Every structure is written in structure tokens, then in C-alpha cells.
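Please look at the sequence and the structure shown here.

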Amino acid sequence: FPIRSLVTVFGLQGLVMFVVSLPIQLAASATTPDIGWLAVLGVIVWGVGLFFETVGDAQLARFTADPDNVGAVMDRGLWRYTRHPNYFGDTCIWWGIFVVAAETTDARIGVVGPLLMTFMLLRVSGVAMLERGLIKRREGYDDYMARTPTFFPRSPKELPSDV
């Protein structure tokens with residue numbers, strides 16, 4: 001058990017951490033890092049991500065702290081435009097870091113980092129896993145899913161009202 005835990009838990013996490021941080025590692029090893037328009041764009045993408053992650057988490061914390069919202073679906077604030085503003089924000093942060101690092105040519109192969117993180121958040125440990133549970137635990141979550149974009153923020157759909 002200890003050896004298997006070491007490999008499957010810590011070893012796997014270490015490997016993922018290494019791959020996800022690859023753009024930073026490669027950019028840090030560059031002899032002459034550049035700061036140009038890619039770095040500016042990357043900081044903007046990173047800032048959008050930080051905004052979505054922190055504001056989304058704060059809105060959810062405030063919502064869940066209200067006893068009147070027990071069992072309810074959070075569909076206000078950023079949660080009106082995406083079902084997962086915190087995961088969208090986290091993804092933007094990793095892509096922003098990559099874009100900044102991409103100023104150094106060597107770091108461009110580090111694109112595997114944000115690709116892996118995006119895949120994990122969308123298909124493995126983030127959105128997919130969370131929604132499987134929420135649809136079972138939250139009444140009305142299926143309606144929320146029908147009108148609210150999963151990941152990329154945009155205006156919610158107007159559903160036809162039952163007459």
C-alpha cells in the first residue's frame with residue numbers, strides 16, 4: 001500500500017506538476033528572455049483568469065453561506081454566464097502563464113502544460129466529475145445546465161416557458 005500510494009498519488013501529482021509548469025521552467029532557463037506583445041497578452045489573459053477565479057469563488061462562498069440557499073443552484077453573478085467560472089479562470093491563468101513564457105522560443109514547446117491542465121479541468125477532475133454529482137444532488141441543476149454555458153462565458157440561453 002505505501003509504495004502504490006507513493007507512485008499513484010504523489011508520483012502522478014509530481015508528473016502532472018512537472019508538465020503543467022513546463023512553460024515556466026523553460027522560460028526561466030532562457031538566457032535572454034524577451035518582454036514584448038506576447039507577454040502583455042499573457043498578463044491580460046492571466047488577469048482575466050484571476051478575476052474569474054477569485055470573483056467566482058467569492059460569489060459562491062457568499063451564496064453557500066446563506067442558509068436560505070441550502071440545496072439551491074448558484075446561478076447569479078459570473079455563475080449566470082458559465083457554470084464553472086473558477087475552472088475557466090484557472091484555465092486562463094495557466095494559458096496566460098504559457099503566453100508570457102512563449103516570448104522565449106524555447107518555452108513554446110511548453111504548450112503541453114496548459115493543454116494538460118485544460119484537459120484535466122474539463123474532462124477528468126474538474127467539470128466532468130463535479131457535474132456528475134451536482135445533477136444528482138441539486139434540484140433544478142438540469143435546467144441550469146440547459147441555459148448556462150458549461151465553460152466559456154457567454155449570455156445564457158432563454159428557455160421557452162411552459163404554457
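## Terms and model

Buried means under 20% relative accessible area, exposed means over 50%, and partly exposed lies in between (1.4 Å probe, protein chains only). This is a predicted model, in which local features need pLDDT of at least 70, side-chain atom pairs count only at pLDDT 80 or more, and totals for chains, interfaces and linings use all residues. Residues are numbered from 1 along each chain as its sequence is written, and side-chain values use heavy atoms, with hydrogens and water left out.

## Val-124

Val-124 counts as partly exposed because its relative accessibility is 33%. Its place is in helix H5; helices are DSSP runs of H or I with at least four residues, numbered from the N terminus. Apart from neighbours within four places in sequence, Val-124 is in contact (heavy atoms within 4.5 Å) with Phe-119 and Met-129. The C-alpha atoms of Val-124 and Phe-98 are 21 Å apart, and 26 residues separate the two along the chain.

## Helix H4 and its packing

Helix H4 has 17 residues. Of these 17, 13 are buried, so H4 is largely enclosed by the rest of the structure.

H4 (residues 85-101) packs against H5 (residues 112-124) at an angle of about 170 degrees, and their axes are 9 Å apart. Axes are lines fitted to C-alpha atoms, for helices over the stretch in contact, and angles run from 0 to 180 degrees between N-to-C directions. The angle therefore makes H4 roughly antiparallel to H5 (over 145 degrees). On the H4 side the contact includes Trp-94 and Trp-95, and on the H5 side it includes Leu-115 and Met-117.

Notes
Helices (H or I, at least four residues) and strands (E, at least two) are DSSP runs, numbered from the N terminus. Angles under 35 degrees count as roughly parallel, over 145 as roughly antiparallel, 65 to 115 as roughly perpendicular and the rest as oblique. The expected span of a helix is 1.5 Å times one less than its number of residues.
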